[in-house]
Amino acid sequence: MPQSRNATFWWAIASVLVAMVVIQSGASLAKTLFPIIGPEGTTALRVGFAALILSLVFQPWKKWPAKQDQKALWFYGISLGGMNLMFYLAIERIPLGIAVALEFTGPLAVALLSSKRKLDLLWVALAMAGIALLLPWQTEATALDPVGVALALGAGACWAGYIIFGQRTGSAVHGGTAVALGMAVAALFLFPIGLVSAGSTLFSWTVIPFAFAVALLSSAIPYSLEMVALKRLPAQSFSILMSLEPAIAALAGLIILTEQLSLLQWLAIFSVIAASLGSSLTARKSQSPKQ
């Protein structure tokens, strides 16, 4: 029996790690579509295909939320769409690993603001130090695009909204159904933006297969793997593992996109990771992060 539990535990950890590698590989693949259809078009296709896949799996039309819960659902979908669009606009201008580290400030802020422990001031200081190291006030060649930094932080703010409104929506309808509905709402306002930006190129058969692959890698596959992990891991352990995502994103950017980071930028990323790890390890009440 203990061996069986051990196997289940390690399978869950492997699922989370693979999910993170897959989702960052999806983001790297998405970036290769930017020269053809731009980040707006890529976001529109990615979210549109993800909404289609999730709708086929969870059939959300069978469990439509009650009228009083629909307002939270709309805010949830708008936050989800805004998060995706701003993140893709950010990685057009700054390296993937840095964008993920800056975006991570959203869920980290939600976790820290909901706590009243003095120790959390240390994690706030670490996160702020990491952000300060990434702010575009440097003059050397490694200085970051200020618009890209602002967009990544904006994506983090949308991620915070995604968590807050996602919890409200998830308490009204099943988790998978909530994500499918939220993705559909996001697709409703993102697709027109992508169509205006990319025009008829959005429907090019040279683009569609890659966009579908991005949707699978960025939504369907990691979502399924994370669901497997969440059933077998405590939420705190899940949060700790997810803290590694900025480093995995930086490695994906290095390997797939050949994005080189300076020593200072790596230090900044690990400062944000340390803040997230510390917050997760010392949390009294665990909460599940973004799916």
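**Notes on the model**

1. Phe34, Phe87 and Tyr88 form one aromatic cluster, where rings of Phe, Tyr and Trp (its six-membered ring) pair if their centres lie within 6.5 Å, and planes under 30 degrees apart count as stacked, over 60 as edge-to-face and the rest as tilted. Eight aromatic pairs are found in a search of the whole structure. The ring centres of Phe87 and Tyr88 are 6.2 Å apart with the planes at 45°, so this pair is tilted. Phe87 and Tyr88 are both buried (under 20% relative accessible area, with exposed over 50% and partly exposed in between, for a 1.4 Å probe and protein chains only).

2. This is a predicted model, in which local features need pLDDT of at least 70 and side-chain atom pairs count only at pLDDT 80 or more, while totals for chains, interfaces and linings use all residues. Residues are numbered from 1 along each chain as its sequence is written, and side-chain values use heavy atoms, leaving out hydrogens and water.

3. Helix α3 (residues 96-103) has eight of its eight residues buried, so it is largely enclosed by the rest of the structure; among them are Leu96 and Glu103. Helices (H or I, at least four residues) and strands (E, at least two) are DSSP runs, numbered from the N terminus.

4. Most residues other than glycine have a negative phi. Thr258, although not a glycine, has a positive phi of about 50°. Thr258 lies in the loop between α10 (245-257) and α11 (263-281), and counts as exposed at 58% relative accessibility.
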